[in-house]
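Hi,

Here is the structure I promised to pass on.

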Amino acid sequence: MTEVVTTTKEAALAARISEAMALSGVVGDGHAAQQYLGQLPYPTTRLERWKYTRVARLLDFEPQSLPETDPPGQILPGFNAHRLVFTAGKFTAGTVVDEGKDGLFIGPVSAALERYPERVGALAKSGFKSSEWFAAMQASAPQDGACILIPEGHRSDQPILIHHHMPAGARAAQPGHLIQVGHGATAEVVLWSDSPAGACGLMNGSLDASVGDAADLTLEIVQDEAGKGHHIGHHHFTQGKDSQLTVRTATARAHWLRNDLQITQGGTGANSTFHGCYLPNGEQFVDHHTRIDHAHPDGQSDELYKGLAADAATAVFNGKIMVHKDAQRIEAYQSNANLLLGERASVFTKPELEIYADDVRCSHGCTTGQFNREALFYLRSRGMTETAAHNLLVQAFLAEVLDGFRPMIRDHVHAVYAERLGWT
Amino acid sequence: MSAAEDNPLLEEFTRKEYEFGFTTDIASDKIPPGLNEEVIKLISAKKNEPEWMLEWRLDAFKVWQSMKEPEWAHVQYQKPDYQAISYYSAPKSAAPLGSLDEVDPELRATMDKLGISLEEQKRLSGVAVDFVMDSVSVATSFKEKLGELGIIFCSMSEAIQKHPDLVRQHLGTVVPVKDNFFSALNSAVFTDGSFCYIPKGARCPMELSTYFRINEAGTGQFERTLVVAEEGSYVSYLEGCTAPQRDENQLHAAVVELVAKDDAEIKYSTVQNWYPGDAQGKGGVFNFVTKRGICETRAKISWTQVETGSAVTWKYPSCILKGDGSTGEFYSVAVTNNAQQADTGTKMIHLGANTNSTIISKGISAGNSQNSYRGLVQIGPRARNARNFSQCDSLLMTDTSGAHTFPYIEAKNPTAQIEHEATTSRIGEDQIFYCLQRGLTEEQAIGLIVNGYAKEVLNKLPMEFAVEARKLLSISLEGSVG
């Protein structure tokens with residue numbers, strides 16, 4: 001036996017994470033990803049997609065193998081949903097729905113792989129995984145995640161809530177969730193991730209969804225993570241002809257977070273809506289990278305990301321609209337608005353358009369600024385304190401995104417923001 | 001159905017020959033291709049430069065050797081072989097000229113063809129022209145008249161001889177040698193360019209203009225322009241460029257530095273019409289240019305550019321808003337056709353308080369071209385109450401062309417106000433329909449709409465150039481929509 005010599009720091013990090021994953025149980029085959037992981041560069045600020053996102057410190061991350069904890073408490077207790085709970089990448093609670101070979105399946109990926117390997121196999125293959133280090137890392141040692149297979153024409157009557165909990169301590173987790181919505185089917189999914197104040201681990205998770213022809217998927221992502229953890233999320237969607245996709249992301253609380261959202265419209269007449277909001281304060285860091293590929297004609301997309309950076313926090317937004325050759329009659333709108341409130345806060349945004357077809361209507365708008373002085377003056381003249389007026393304006397600013405969530409989630413995110421920024 | 005089939009005018013446009021593609025057959029002094037320390041020493045010796053200038057060049061050459069050619073721009077091209085270029089070419093009659101009448105008649109004819117008859121200019125338009133052919137300045141008009149005001153307007157080599165202190169004080173302060181690959185190359189081998197100095201409080205009474213032309217085959221053009229506007233002064237500077245039609249790619253790597261001291265204003269306009277290559281993308285000029293200005297307190301720098309030529313453009317005229325209350329402006333129309341590629345935009349770097357910048361960029365893509373806007377707006381932590389407005393519009397003429405926008409917005413001060421908006425579309429059918437039913441032909445309608453589209457920028461050009469720019473644009477506009 002020859003001893004494996006790890007020469008680079010990133011190879012050592014990959015080895016440490018893989019080892020931790022192996023201990024908790026890898027679900028699926030990561031061999032292909034391991035191949036290209038070794039060839040990919042570890043992100044540095046010299047790489048365009050990581051220009052503002054520093055991950056050098058993560059190179060020293062040492063995942064600890066800590067004892068298993070009790071399942072987390074129920075979130076949104078009044079919410080009538082089919083619940084699947086995962087703790088640090090392991091399936092810990094929830095009932096499995098299995099209606100046979102071509103029927104509805106809601107459960108962990110591990111069970112789906114055992115029962116229907118052919119249905120699950122093709123889902124997790126995203127080209128992105130062969131081009132980005134952290135995505136390849138996740139794919140090379142994937143953990144369990146939710147698997148939702150909605151058969152053709154099925155209209156689910158109940159939303160599905162995927163709850164991923166990251167317990168305290170320096171743990172590593174690499175959950176991989178899979179969603180497939182069949183022809184003409186509809187599904188509503190909530191992806192919820194949380195962690196307690198003592199968490200300081202690395203959450204490097206993925207979600208791959210395929211939305212079939214004329215299908216409709218609504219996904220609400222809530223990230224409510226206390227502690228000092230790092231979270232890198234890879235969310236990939238492919239859409240069929242005339243399909244509808246809505247993704248709303250609320251970063252309610254995060255110490256250091258990077259979201260990569262990618263949508264590929266793989267059929268004509270697809271419609272995508274993706275909205276998001278973020279509100280880092282203190283020394284927090286939130287980075288949203290989005291990309292939509294209009295690969296076929298007659299597609300539409302509507303993107304809206306709003307956020308603010310307070311204190312010494314950093315907010316990053318990068319949105320790319322790509323209209324491929326011959327993808328005519330595309331209507332793509334992108335809007336990004338930022339409030340910069342802290343003396344030492346920073347906002348970096350890069351709204352990109354790359355267009356190779358001529359009959360398109362594409363636009364993006366991007367603003368960075370402060371409160372409207374007149375609005376502030378109006379509220380003050382009505383007897384509000386400056387803080388109360390600020391808070392009201394922030395709420396109004398975020399409402400455009402938050403109001404799109406179901407009321408229960410909207411209220412929760414609102415309450416978290418209120419607690420963090422001291423709204424009354 | 002392609003646009004060209006049902007529109008004869010578009011066909012005419014896409015076949016339109018490059019108007020300035022002639023070569024001038026005059027004897028020239030050209031050194032063999034290749035780049036090494038000896039060549040740099042030779043250039044410096046030919047120009048009879050002082051020792052410090054040679055040292056500066058050699059240092060720059062060392063820096064350049066350690067640098068890599070950048071690849072981040074959204075353009076694809078065969079990298080030039082830097083050893084196959086001749087770094088010095090000058091029309092033979094390089095003896096000092098007493099008056100314009102002594103200029104080589106062939107050269108005079110060239111200028112006439114380019115529409116910059118020095119005589120005419122002298123009498124009618126009151127524009128002082130510096131004409132740079134193959135990197136060497138051959139004629140500068142109106143020198144005495146400017147001299148009365150203390151304004152220095154001459155070629156860079158003359159400035160190095162006659163005003164070494166001024167050159168030494170400012171050269172490389174805005175665009176350092178190490179700034180990028182092409183600025184380092186330029187610093188090592190630049191052969192000429194224009195130098196302009198406006199003393200304190202002077203208001204330059206006429207437009208200063210430089211006309212650049214690459215004439216010789218197998219040469220590159222590396223000119224260096226330095227404009228220094230002292231406290232409270234004003235100058236408007238124009239620059240035009242053309243090159244003959246050749247099958248090979250010619251390299252143009254210029255550096256332009258502007259220094260605007262307190263309360264000074266510099267207006268810098270460019271009409272760039274280098275040879276763009278033929279319809280298949282063969283030949284054409286690689287235009288890799290570094291242009292940057294620095295603004296002291298309450299100073300203003302305004303860049304206006306009309307970009308219609310070059311096979312590949314890589315150009316970001318920028319403003320460093322160092323002083324409080326300074327202003328930067330960037331107005332651009334970039335037209336690409338056939339196989340042209342352009343990656344152009346600006347950088348507005350706000351360092352001082354109450355700084356203000358405006359960016360208006362209009363891209364028009366036709367044929368198989370790729371047209372990108374790339375811009376940076378950076379608000380530093382000390383730039384209180386900085387304000388930026390950016391607007392980047394793209395107009396697509398064909399379904400084989402591309403229009404791209406890559407804006408970078410970095411804010412580090414909570415008092416910053418930044419707005420950016422970009423749209424991409426083709427000419428609205430409803431707009432054309434409206435014009436048609438008012439009795440206009442389709443070509444007139446398109447001309448009207450696109451002219452209106454670019455008007456915001458064209459209006460910023462000085463009158464003399466606006467005419468040329470409109471003419472250039474109109475060639476590209478006629479019926480280029482299907």
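Helix α5 (residues 133-140) of chain A is largely enclosed by the rest of the structure, because eight of its eight residues are buried (20 or more other C-beta atoms within 10 Å of the residue's own, with C-beta atoms placed from the backbone; exposed means 12 or fewer, and partly exposed is in between). Helices here are DSSP runs of H or I with at least four residues, and strands are runs of E with at least two, numbered from the N terminus. The buried residues of α5(A) include Trp133(A), Phe134(A) and Met137(A). Among the elements covering them are α1 (9-24), α2 (31-37) and β12 (230-239) of chain A.

Before going on, please note that this is a predicted model, in which local features need pLDDT of at least 70 and side-chain atom pairs count only at pLDDT 80 or more, while totals for chains, interfaces and linings use all residues. Residues are numbered from 1 along each chain as its sequence is written, and chains are lettered from A and ligands numbered from 1 in the order in which they are written.

Now to where the chains meet. In chain B, 29 residues are in contact with 30 residues of chain A (contact means C-beta atoms, placed from the backbone, within 7 Å). On the chain B side, β23 (402-411) gives the most, with ten residues. That side divides into twelve nonpolar, eleven polar and six charged residues (nonpolar: Ala, Val, Leu, Ile, Met, Phe, Trp, Tyr, Cys and Pro; charged: Asp, Glu, Lys and Arg; polar: the others, Gly among them). Strand β20 (residues 346-355) of chain A runs antiparallel to β23(B), and six bridges join them (strands pair if DSSP finds at least two bridges between them). Within this pairing, Glu354(A) stands opposite His404(B).

Chain B also has a helix pair to look at. The axes of α2 (residues 37-46) and α3 (residues 51-65) of chain B come within 10 Å and cross at roughly 150° (axes are lines fitted to C-alpha atoms, for helices over the stretch in contact, with angles from 0 to 180 degrees between N-to-C directions). That makes α2(B) roughly antiparallel to α3(B), a label for angles over 145 degrees. Ile40(B) and Ser44(B) are among the α2(B) residues that meet α3(B), whose side includes Leu54(B) and Phe61(B).

Lastly, Met206(B) lies in the loop between β6 (194-198) and β7 (208-213) of chain B. Met206(B) is partly exposed, with 18 other C-beta atoms within 10 Å.

Best wishes

How values were computed: Parallel < 35°, antiparallel > 145°, perpendicular 65-115°, else oblique. Contact = placed C-beta atoms within 7 Å.
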